[in-house]
Amino acid sequence: MTERILIIGAAGQIGSELCSALRSLYGIENVIASDINTLNQSLVEAGPFEIIDATNFNQIKDCVEKYQVDTIYLLAAMLSATAEKAPKQAWDLNMESLFHVLNLAKDGVIKKVFWPSSIAVFGPSTPKQNTPQHTIMEPTTVYGISKQVGERWCEYYHKKYNVDVRSLRYPGIISYKTLPGGGTTDYAIDIFHKAITDKHYNCFLDANCTLPMMYMDDAVAATIKLMHTDGDNLSIRSSYNLSAVSFSPSELAAVISKHIPNFSINYNPDFRQQIAESWPNSIEDTIARKDWGWQHQYDLETIVAEMLNGLSKHYKKQQTF
Ligand code: AKB
């Protein structure tokens, strides 16, 4: 029988694109999308959909039983910038949802779990360039603390209860189909929208603030590849370092200017600058490349071309209505 998948947080930036990709692979009826509300109508209408509050164990369990779910992708989370404003809610959402899903796997109700971690697990004392898999990890953000603790629990549940949980430390993910919400790396998406609509961007990070980034198609491909790998090949059960490109706002702006010559940018760093400064500039991911053959496809030039192309079509369509 085909695997049955539940995505929690399917209306979000990564969840929505993962949902389409998994439906192409497994069939629409075998991938159940869920989110806390029905605001994303196209998602609700595209296939099986359930309302799930990720902090509610019974809602998750009922849905798993209703559809006989084997695998959960847990994408619901509060990201770095929002979490600084609501630490308790961020902690509750990020940790409770993870425990609910890990416990369902521990009790044999589901077989497999994907849970995303982040470069936010690293902190100011971590080596900044080519940050290795195993290094000093002293995160200073609420979000980073929740991801670091989550990683420890994933590894614990795997070692102690043989739970098949798999995880990636996502860098900033760049995409045009769904807007991100509440992250520090979101500037690298906002900038494209503003480049097209206003030819100008007021950046909330410093010009030279270099961060690890990745195009959405690479992030989705990495996630699916990791989930398809034979578990015996996985040497990391906390979360894999994963990398593609690294750039600063001024480097990104320079490539956008090649396509939009009158594009301009100014810099007004806010509280997110401090969060960004605590994270690595670049990530070393040889273990992911060795264990499950990870290879990224998109570099900075191709990301910019894809983003401008996708968003131009989107804004043109809006104008015709
Ligand atoms: C954020 O900026 O909070 C996220 C992340 C790096 O995990 N995009």
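## Domain contact, core and ligand site

About 3,300 Å² is buried between domain 1 and domain 2, and carbon and sulfur atoms give 60% of it. Buried area here is the accessible area (1.4 Å probe) that two parts lose on being put together, summed over both. In domain 1, Gln13, Pro171 and Asp218 lose the most area to domain 2, together 20% of what that side buries.

This is a predicted model: local features need pLDDT of at least 70, side-chain atom pairs count only at pLDDT 80 or more, and totals for chains, interfaces and linings use all residues. Residues are numbered from 1 along each chain as its sequence is written, and side-chain values use heavy atoms, with hydrogens and water left out.

Domain 1 covers 5–171 + 216–241; domain 2 covers 173–213 + 244–319. The bounds come from an automatic or database domain assignment. Their centres, taken over C-alpha atoms, are 23 Å apart. Domain 1 brings 43 residues to the contact and domain 2 brings 35 residues. Contact means heavy atoms within 4.5 Å.

The largest nonpolar core has 73 residues. Such a core is a set of buried Ala, Val, Leu, Ile, Met, Phe, Trp, Tyr and Cys residues joined through side-chain atoms within 4.5 Å; buried means under 20% relative accessible area (1.4 Å probe, protein chains only). Leu6, Ile72, Tyr187, Phe192 and Leu252 touch the most other members. Apart from it lies another core, of 34 residues, among them Ile14, Cys19, Phe49 and Tyr170.

Residues around the ligand (a heavy atom within 4 Å) include Leu79, Ile119, Tyr143, Gly183 and Trp279.

| Residue | Protein atom | Distance to a ligand oxygen |
|---|---|---|
| Ser80 | polar side-chain atom | 2.5 Å |
| Ser118 | side-chain N or O | 2.7 Å |
| Thr184 | backbone N or O | 2.7 Å |

Taken alone, the ligand exposes 250 Å², and the protein buries 93% of that. These areas come from the Shrake-Rupley method with a 1.4 Å probe.

Technical notes
Buried < 20%, exposed > 50% of the residue type's maximum accessible area, 1.4 Å probe, protein only. Polar contact = N/O pair within 3.5 Å; in protein donor to acceptor, adjacent residues only side chain to side chain.
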